[in-house]
Amino acid sequence: MKSQTALSKFLSFFLTKIIIGVSVIVGVVALVEWLGRPLLDKTRLGDNPKNLIVAVLESAIALVAYIFLCKIYEKRKISELSTDVFWKNALIGFATGFVLQSVFILISYLAGNYSVIQVNPVSFLLPSFATALTAGFVAEILIRGVIFRLIEEELGTIIALAILTLLFAIMHWNAKGANFLSVGSTAIQSGLLLSAVYVASRSLWLPIFLHFAWDFAEPGVFGAINPGITIDQTLLTNKIDGPLILTGGQLGPQNSIQSLILCAIASLIFLWIAKQKNNFIKPSWKRKNIS
């Protein structure tokens, strides 16, 4: 009985849940990549259709694995994937991500640092669409659905926000070409903004589609650099030239000063909404004292 109690405590510990959750989701996504691509390579499909199929499968399997973990392992209701608010939160998330990227580019354009050389066929959007779909679903299920949610449940919203923001800053500190502006921008965007969006909505759909739109618009639509995505085809062929502070240099517009400022403002707005909704969670030890 004692060993069962010890095992139960170990499995219910939030760090154990994070490790198991991340391992399972990364594992099944890797399995799809490992098995799916070789099978599709045997067909006569082109690269774009194959990449899109793999992206859909990886997004779907990550979603299924997350649902399985929550129901079987955590034994809880999965309110953050409620279908009742899917369309609302998906549209708000996509619009937020796309508008933010558009404003970054608009500021560069008005400053004379961005110009369009050529408009390419709409089919050129497919590579970035597939890549962004995987990034939106898999990354947000892992980061917001597993890591942030479980840290927040144990340590509270404020500490969880601080940990995620600091974690992304540390992870990108030694990235190629990194500078204070790029590290700060990435920490705000990936650590604070997307987490704040989740806290405000208590829905994974909103950060998933914000991330999807972000990674789709920057390289796919505007042809700008996104450090995490490499694609050959973009809707707009452009010329971006100017000071690093406005263009982001080799790390792209998402690492510009306008990105840092606008994402910080957006984060504060979503956190204010979360506060108005009373969505902040207190640390577990404070909740226990109250009860």
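**A nonpolar patch in its setting**

Modeller: Of the 291 residues in the protein chain, 47% are buried, where buried means under 20% relative accessible area, exposed over 50% and partly exposed in between, with a 1.4 Å probe and protein chains only. This is a predicted model, in which local features need pLDDT of at least 70 and side-chain atom pairs count only at pLDDT 80 or more, while totals for chains, interfaces and linings use all residues. Residues are numbered from 1 along each chain as its sequence is written, and side-chain values use heavy atoms, with hydrogens and water left out.

The part to look at is a nonpolar patch on the surface, formed by Leu 7, Phe 10 and Leu 11, which together have about 280 Å² of accessible area. Accessible areas come from the Shrake-Rupley method with a 1.4 Å probe, and for residues only the protein chains shown count as cover. Leu 11 counts as partly exposed because its relative accessibility is 31%, and Leu 11 lies in helix H1, residues 2-12.

Around that helix, the protein chain has 11 helices and two strands, given as DSSP runs (H or I, at least four residues, for helices; E, at least two, for strands) numbered from the N terminus. The accessible surface of the protein chain is about 15000 Å², with 69% of it belonging to carbon and sulfur atoms. The C-alpha atoms fill a box of roughly 70 × 50 × 40 Å along the principal axes.

Key: Patches are made of residues with over 30% relative accessible area and no salt bridge: like charges are joined within 9 Å, nonpolar side chains (Val, Leu, Ile, Met, Phe, Trp, Tyr) within 5 Å. A salt bridge is a side-chain nitrogen of Lys or Arg within 4 Å of a carboxyl oxygen of Asp or Glu.
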